[in-house]
Amino acid sequence: MKYRGYAYIYTIGCQMNVYDSEKLAIILNSYGYETTDDMDKADIVVCNTCSIRHKAEEKAFSFLGRFARIKKNKPHLITVMAGCVAQQEGEKAFVRVPHLDIVLGTQAFSRFGKLIDAVKSGKQKVVDINDSSMIYEAMPATSCTDENKISKFVTIMQGCDNYCTYCVVPHVRGRERSRTETNIVEEINLLVKAGVKEITLLGQNVNSYGQKEGLISFPQLLAKVNDINGVHRIRFATSHPKDLSDDLIYAIRDLDKVCNHLHLPIQSGSNKILKKMNRGYTREKYIDRIFNLKKECPDIALSTDIIVGFPFESREDFNDTMNLLREIEFDSIFAFAYSDRSSAPAAKFSNQIDEGKKKERLNRLLELQEYYTEKKNKKQIGKILDVLVEGKSGKKRDGFDHALKNMEQMVGRTESNKIVHFPSKDVIIGDIIKIRIENAYPHSLWGHPLGAQNK
Ligand code: SF4
């Protein structure tokens, strides 16, 4: 194919945005733009934005702001703000970035080509933040556009109906809409053909997949994906505690390709705060679900998200969260200090917590979790684990030069999502190999391969 120019895509935010950027790359390809990692070469620059935190939003404006000067010397350059901030700001984005050409909302991707044409034919400041009930069905099916062919995301639903009071997702990504099972399976088949081994099914609330539309349930979808030849591992994110059904627990237990790991955001250990967050479950319900899960899958690795310093969070509420960490012993957590998003209801709550206090609580929480993460990692020493080889390690682990004689330091992941470094000179990226774990660190494991094998 003869390309008419280069496209540079800059992605900020979550896995969903990474996936969306791949879709944008495919649309741009079909429109005659070759994607490039060299921003200087670009004829069109897309910033796929995230509005979940103030910092991410500012990053998007600062990235796009720098093109004011560049466009003076390169007037044909098209600049695009896509995704959540675009959806939230609409026309207002032009006030902060006057040289911006296109504002592309979260539900307007399928109309991107037409917007590019409009700019090319002389139209200025084009905005599309209209709703769409369609997700990706009318867009080109994803195939691989980069060399990272081992592990890929597949969005199974968009939007969210939960309206947690701190979250902008329902406002910027719209109401929950699930893709059809046929469309999802078709996309995964394409990825497998391109060499992908691991699929992560994505959505804001994956375990409510299909409920609204009367499609198959999420555990049934997992079973369909499990049946696809060539898929070796299945992960999914994000699950909502209120929708963790027994059927899903049995699917994790019984489906051989579904990884023995669950990311289940709790957000707070205090019932008072969970209610203010509108999370739809109690601390007791969450613990009960985890208890049932561990009964069926005793070795399951667990991770969670926590927000500290939510409005009204007292010392006792925070201690409830600390005690929950002690009770459950997560393998890892993603913890953040609460920050206001102007379009989310919690921004209007009184009793906002002092920034210093938030920081102090966050540090205490992370310090406590470090103990459990290391404890869980140390438990792996001596075990032989299946590791999916992802590539060469970017960073060499100190003190292992003797083990690396004539070998490369490689990196891979266990089913439980733990990073493993190991020496090897002959493993192939994408192989699943057995590794005896010899050392454990706060964020990774170290071991030696027993011998490569294709699963
Ligand atoms: S479940 Fe809550 S936090 Fe997650 S996307 Fe939906 S509204 Fe936001």
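This is a predicted model: local features need pLDDT of at least 70, side-chain atom pairs count only at pLDDT 80 or more; totals for chains, interfaces and linings use all residues.

Numbering starts from 1 along each chain as its sequence is written.

**Stop one: β3.** Select residues 44-49, which form strand β3. Strands here are DSSP E runs of at least two residues and helices are H or I runs of at least four, numbered from the N terminus. Is β3 buried or exposed? Six of its six residues are buried, where buried takes 20 or more other C-beta atoms within 10 Å of the residue's own, exposed 12 or fewer, partly exposed in between, with C-beta atoms placed from the backbone. In a regular strand, side chains alternate between the two faces of the sheet. Here I44, V46 and N48 lie on one side and V45, C47 and T49 on the other, and both faces are covered.

β1 (residues 5-11) pairs with β3 in the parallel sense over five bridges; pairing takes at least two DSSP bridges between the strands. Pick A7, and its bridge partner in β3 is I44. β4 (residues 78-83) also pairs with β3 in the parallel sense, over six bridges, and there T49 has G83 as its bridge partner.

**Stop two: α13 and α14.** Select 315-328 and 355-378: the two helix axes come within 10 Å and cross at roughly 10°. The axes are lines fitted to C-alpha atoms over the stretch in contact, with angles from 0 to 180 degrees between N-to-C directions. That makes α13 roughly parallel to α14, a label for angles under 35 degrees. F318, T321, M322 and L325 of α13 meet R361, L365, L368, Q369 and Y372 of α14, contact being C-beta atoms, placed from the backbone, within 7 Å.

**Stop three: the ligand.** Which residues are around the ligand? Show C160, N162, Y163, C164, C167, V169, P170, Q204, N205 and H240, each with its backbone-placed C-beta atom within 6 Å of the ligand.

**Last stop: an open sheet.** Three strands run in the order β12-β13-β14, with parallel pairing. β12 (261-263) and β14 (332-337) are the edges, each with a single partner strand, so one side of each has no neighbour in the sheet. Three bridges join β12 to β13 (residues 301-308); click H261 to find its partner A301 in β13.

Key: Angles under 35 degrees count as roughly parallel, over 145 as roughly antiparallel, 65 to 115 as roughly perpendicular and the rest as oblique. Two residues are in contact if their C-beta atoms, placed from the backbone, lie within 7 Å.
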